[in-house]
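Colleague: I'd like to go through this one with you and hear what stands behind each label. Can you bring it up?

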Amino acid sequence: MSKFKFDGREASSLRRVALISVSFAVLSIAGGCSSIDRLSQIGERPKLTEIDNPTTQPGYKPVQMPMPKPETVSYAPNSLWRNGSRAFFKDQRARQVGDLLTVTVSISDKANFANETQRSRTNKEDSGITDFIGAKTLGVQAQKVLPGRILTADGTSSSDGKGTIQRSESLTTSVAAVVTQVLPNGNLVVEGKQEIRVNYEIRELIVAGIVRPEDIQSDNTIDSTKIAQARISYGGRGQISDIQQPRYGQQVMDILLPF
């Protein structure tokens, strides 16, 4: 009976091969299901996502931020004013879970960077003995055998690096958001989603973040620059986006190939 022994490197290689095989199998199954769904939708327009509660989504998590210590509510004698109140008369701005407000997205970003670095260095090491154990007195033949130069080393290195970044982005639009959570300090967690279908392409806009009630204007709108922890996504899906994306096999090879 023969016994096989594997060292740590062989076991790691086997685990890596098994992981790659499982990954290919999962991707093949997922790609097959996705292909079947896409084949069933040939000639049809992309379907809009159903309206649902954002808090019921699988990836939804309540926002947790550092909060100040809660204060005890107290009323002054013969007064309608309550300590901690921010307004005497009630307005129609969003203030509790389920209220709506309009987010004005205005992004105009430009960046232009140019960097250049040059470096060069030259090293030379030379050491030797001119007369090793009286080599000159021993004759020409002895000088050939005995060492004269012990070490001779030359080194030269140079590098030249250049980098340029030019970027220009602009986005102006509005989207209605829903208050999904009220934090203990009164700040509001909002999330809005908008889908627009044009022919066979869907454009999707998602806005989420934390806003202060004081930053909400009298017409129940707020600028995107006043949203803390802002998450803004603008993209699409459909025939045009599908053509612009590389195939699944190419994406897998880009991840696995080391060169």
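Modeller: Pocket terms to begin with: on a 1 Å grid over the protein atoms alone, a cavity is a set of points where a 1.4 Å probe fits but cannot get out, while a pocket is an open set with protein on both sides within 12 Å along at least five of seven lines, and lining residues have an atom within 4 Å of a point. This is a predicted model, where local features need pLDDT of at least 70 and side-chain atom pairs count only at pLDDT 80 or more, though totals for chains, interfaces and linings use all residues. Numbering runs from 1 along each chain as its sequence is written, and side-chain values use heavy atoms, without hydrogens and water.

Colleague: Which residues lie nearest the centre of the second largest pocket?

Modeller: P54, E191, G192, K193 and I206, out of 27 lining residues. The volume is about 800 Å³, taken as the space filled by probe spheres set on the points, with grid points joined across faces, edges and corners.

Colleague: What supplies the largest share of that lining?

Modeller: β3, with seven residues. At least two residues each come from β2 (149–182), β3 (188–198), β4 (201–211) and β6 (228–238). Strands here are DSSP runs of E, at least two residues, and helices are runs of H or I, at least four, numbered from the N terminus. The protein has five helices and six strands in total.

Colleague: What makes β3 and β4 a pair?

Modeller: Pairing takes at least two bridges found by DSSP. β3 and β4 have 11 and run antiparallel, so they count as paired under that rule. V198 has E201 of β4 as its bridge partner. The two strands form a hairpin with two residues between them, and N199 in the turn has a positive phi of about 55°.

Colleague: Why is Q118 called exposed?

Modeller: Its relative accessible area is 59%. Exposed means over 50%, buried under 20% and partly exposed in between, with a 1.4 Å probe and protein chains only, so Q118 is called exposed. Q118 sits in strand β1 (residues 100–128). Across the protein, buried residues make up 15% of the 259.

Colleague: What lies over the face of Y234?

Modeller: R203, at 5.5 Å from the ring centre. The rule asks for NZ of Lys or CZ of Arg within 6 Å of the ring centre and within 35 degrees of the ring normal.
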